[in-house]
Amino acid sequence: KNIQNENYKTFLENVKNNNLENKIILKKNYSHIEISKFDNNYFDIIYIDGNHEPEFVLEDAILSFRKLKKGGIMIFDDYFFNGFYSTKKGIDAFVNIYEKNLEYIGFQDHQIFIKKIK
């Protein structure tokens with residue numbers, strides 16, 4: 001079994017079972033292509049869980065942050081994925097670069113939560 005396919009099927013079932021089809025936009029493609037299709041300040045919540053290499057995490061964060069509304073929440077998954085220098089390195093770089101524009105909300109399990117303040 002492919003765990004990614006199983007997780008995706010479970011996600012789709014959860015969306016359907018909770019009547020969220022009209023509240024969730026699902027796109028499966030390269031993030032740098034799909035993110036650009038949305039207007040800036042469009043999303044209330046953005047959940048980043050894509051390619052775990054630091055340069056891709058950083059790129060996803062930068063592109064997505066423009067699309068997040070002021071006061072919106074961005075969640076990064078897999079903070080410690082593949083050791084100290086993989087996903088964490090990209091997330092830390094983003095938080096350090098954008099520190100004037102965000103507020104650190106917290107950490108839970110393997111996720112980091114930030115809020116866009118500017």
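1. Ground rules first. This is a predicted model, so local features need pLDDT of at least 70 and side-chain atom pairs count only at pLDDT 80 or more, while totals for chains, interfaces and linings use all residues. Residues are numbered from 1 along each chain as its sequence is written, and side-chain values use heavy atoms, with hydrogens and water left out.

2. The sheet. Four strands make an open sheet, ordered β1-β2-β4-β3, with mixed pairing. Here helices (H or I, at least four residues) and strands (E, at least two) are DSSP runs, numbered from the N terminus, and two strands pair if DSSP finds at least two bridges between them. β1 and β3 (102-108) are the edge strands, each pairing on one side only. On average, neighbouring strands of this sheet are turned by 15° against each other, ignoring direction. Axes are lines fitted to C-alpha atoms (for helices, over the stretch in contact), and angles run from 0 to 180 degrees between N-to-C directions.

3. On one side, β4 runs antiparallel to β2 and is joined to β2 by four bridges. Two residues separate the strands in the hairpin of β3 and β4, where Asp-109 takes a positive phi near 55°. Five of the six residues of β4 are buried (under 20% relative accessible area; exposed is over 50%, partly exposed in between; 1.4 Å probe, protein chains only). That is why β4 is largely enclosed by the rest of the structure.

4. Helix α4 lies across β2, β3 and β4, running at about 155° to β2.

5. Salt bridges. The structure holds three of them, each a side-chain nitrogen of Lys or Arg within 4 Å of a carboxyl oxygen of Asp or Glu. Lys-69 pairs with Asp-44, and their closest N and O atoms are 3.3 Å apart. This pair links distant parts of the chain, with Lys-69 in strand β2 (residues 68-76) and Asp-44 in strand β1 (residues 43-48), 25 residues apart. Lys-69 is partly exposed at 31% relative accessibility, and Asp-44 is partly exposed at 49%.

6. The side chains of Lys-88 and Asp-92 meet in a salt bridge at 2.5 Å, N to O. Both residues lie in helix α4 (residues 87-97), four residues apart, or about one turn of the helix. Lys-88 is buried, with a relative accessible area of 11%, whereas Asp-92 is partly exposed at 22%.

7. The remaining salt bridge. Glu-34 and Lys-37 meet through their side chains at 3.1 Å, N to O. Glu-34 counts as buried at 10% relative accessibility, but Lys-37 counts as exposed at 55%.

8. The cavity. There is one cavity of 30 Å³ or more, and the largest cavity has a volume of about 60 Å³. On a 1 Å grid over the protein atoms alone, a cavity is a set of points where a 1.4 Å probe fits but cannot get out, and lining residues have an atom within 4 Å of a point. Grid points are joined across faces, edges and corners, and a volume is the space filled by probe spheres set on the points. Among the residues lining the largest cavity are Ile-48, His-52, Val-57, Phe-76, Thr-87 and Ile-91.

9. About 1,900 Å³ of space lies in the largest pocket, a pocket being an open set with protein on both sides within 12 Å along at least five of seven lines. The largest pocket is lined by 37 residues, and Lys-27, Tyr-47, Ile-48, Asp-49 and Gly-50 lie nearest its centre. The elements giving two or more residues to this lining are α1 (3-17), α2 (31-34), β1 and α3. Asp-49 and Gly-50 are also among the residues that line the largest cavity.

Terms used. Contact means heavy atoms within 4.5 Å.
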